[in-house]
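These are my notebook entries on one chain. I recorded what I looked up, residue by residue and then helix by helix.

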Amino acid sequence: QHQHQQQLQAAALLGTASLAAAAAAASASVPTRRLPRHDYPDDDQLSPKERCKKHAAYAAVDERLPVDQSQRLLVLGIGSGSTIVYAVRRIAELTTQHHLQVICVPTSFQARQLIQQAGLLLGDLTATPAIDIAFDGADEADRFGNVIKGGGGCLTQEKIVAAAAQQLYLIADYTKQSQSLGEQWEKGIPVEVIPMAHMSVSKQLAALGGTPVLRMARAKAGPVVTDNGNFILDVWFGKHPDSGPASPAELHHTLIMLPGIVETGFFCNMANSLYFGQEDGTVSVLDCKAP
């Protein structure tokens, strides 16, 4: 078994060209800019942290939704989580104001509800497999634009939609911004696993130096079950350096090779830009790659 683990680690960490390119992209310097403060009528009804979420979401949608393209159909990916609520609200406002033709592809049951409640047209990847722009949240992001997602249990569908999008914009409040992954988000990397494999996968994760914890449900007995019918392991590996086996890109590559793992919460070199609402009302933006 020990020999098998060594072989698995060696195979996972082979210096292939694709992995090297991914790791290099994930540790490249990312420019940052600051958007000025913008006050909205209902800001005083929100807590300071919720205002940060709203400002980030509104800034991202205002900058990236092409309101001058009302003559063509726009396919949008809609992420999950508390911050995306404000993005959907803003998309609905601008869609009405500018008479946009929009179809929204959800990443979860929650996202589907948000789309329908906002009066937007609901789509799916079967009918519209190519997405123009996706908006989603983030649990933590480092200075290179690497992101941890999956705190809400929707990581697999979120990554599928993100990968199908020509442009991906992530939004969060300032508490999700870190120098390295693992500084702020101390719950571990979310890993979606096939239920029958969760024990064997847990043992392999422990052998790799992780501390896996099966995520338990709060309003039901037993574990959290994803929209795909799977379990989630939250795996703590400590802080993630810029390079080496524990870096986001390389660790994702290692984990995704383990039989039984469906997807990991590492989103490396995927986002075009990340928007962070700051305490002073401004929004800082990491522009990771051009649209």
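**Entry 1: alanine 92**

I looked up alanine 92 and found it buried, with a relative accessible area of 14%. I use buried for under 20% relative accessible area, exposed for over 50%, and partly exposed for what lies in between, with a 1.4 Å probe and protein chains only. The model is predicted: local features need pLDDT of at least 70, side-chain atom pairs count only at pLDDT 80 or more, and totals for chains, interfaces and linings use all residues. Residues are numbered from 1 along each chain as its sequence is written, and side-chain values use heavy atoms, with hydrogens and water left out.

I placed alanine 92 in helix α4. Helices (H or I, at least four residues) and strands (E, at least two) are DSSP runs, numbered from the N terminus. Setting aside residues up to four places away in sequence, I noted that alanine 92 touches Ala118 and Leu120; contact here means heavy atoms within 4.5 Å. I also checked alanine 92 against proline 245, 153 residues apart along the chain, and found their C-alpha atoms separated by 43 Å.

**Entry 2: helix α3**

I next checked the length of helix α3, residues 48-64. The expected span is 1.5 Å times one less than the number of residues. For the 17 residues of α3 this gives 24 Å, and the end C-alpha atoms are 24 Å apart, so the two agree.

I then listed the buried residues of α3, among them Cys52, His55, Ala56, Ala59, Ala60 and Arg64. Lys53 and Lys54 are also buried. The elements against which the buried residues of α3 pack are β1 (32-35), α4 (84-97), β5 (131-137), β8 (165-173), β14 (273-277) and β15 (283-287).

**Entry 3: α3 against α4**

How do α3 and α4 pack, and at what angle? I recorded an angle of about 40 degrees, with the axes 8 Å apart. Axes are lines fitted to C-alpha atoms, for helices over the stretch in contact, and angles run from 0 to 180 degrees between N-to-C directions. The two helices α3 and α4 are therefore oblique to each other. Under the convention, angles under 35 degrees count as roughly parallel, over 145 as roughly antiparallel, 65 to 115 as roughly perpendicular and the rest as oblique.

From α3, the contact is made by Glu50, Lys53, Lys54, Ala57, Tyr58, Val61 and Asp62. From α4, Tyr86, Ala87, Arg89, Arg90, Ile91, Glu93 and Leu94 take part. I sorted the residues of this contact of α3 with α4 into 7 nonpolar, no polar and 7 charged. Ala, Val, Leu, Ile, Met, Phe, Trp, Tyr, Cys and Pro count as nonpolar, Asp, Glu, Lys and Arg as charged, and the others, Gly among them, as polar.

I found aspartate 43 in the loop between β1 and α3. Its relative accessibility is 7%, so aspartate 43 counts as buried. Beyond residues up to four places away in sequence, aspartate 43 touches His38, Arg51, Lys54 and His55.

Threonine 282 lies in the loop between β14 and β15 and is buried, with a relative accessible area of 12%. I noted that threonine 282 and alanine 59 are 223 residues apart in sequence and 9.5 Å apart in space, C-alpha to C-alpha. Apart from its neighbours within four places in sequence, threonine 282 is in contact with Arg34, Leu35, Pro36, Arg37, Phe276 and Gly277.

**Entry 4: positive phi**

Most residues other than glycine have a negative phi. I recorded two residues with a positive phi. Histidine 99 has phi near 55 degrees, sits in the loop between α4 and β3 (101-106) and, at 64% relative accessibility, counts as exposed. Asparagine 269 has a positive phi of about 55 degrees; asparagine 269 is in the loop between β13 (266-267) and β14 and, at 38% relative accessibility, counts as partly exposed.

Glutamine 101 is in strand β3 and counts as partly exposed at 38% relative accessibility. I found glutamine 101 and glutamine 71 to be 30 residues apart in sequence and 7.4 Å apart in space, C-alpha to C-alpha.

Leucine 258 is in the loop between α8 (248-256) and β12 (261-264). At 1% relative accessibility, leucine 258 counts as buried. Leucine 258 and valine 201 are 57 residues apart in sequence and 7.2 Å apart in space, C-alpha to C-alpha.
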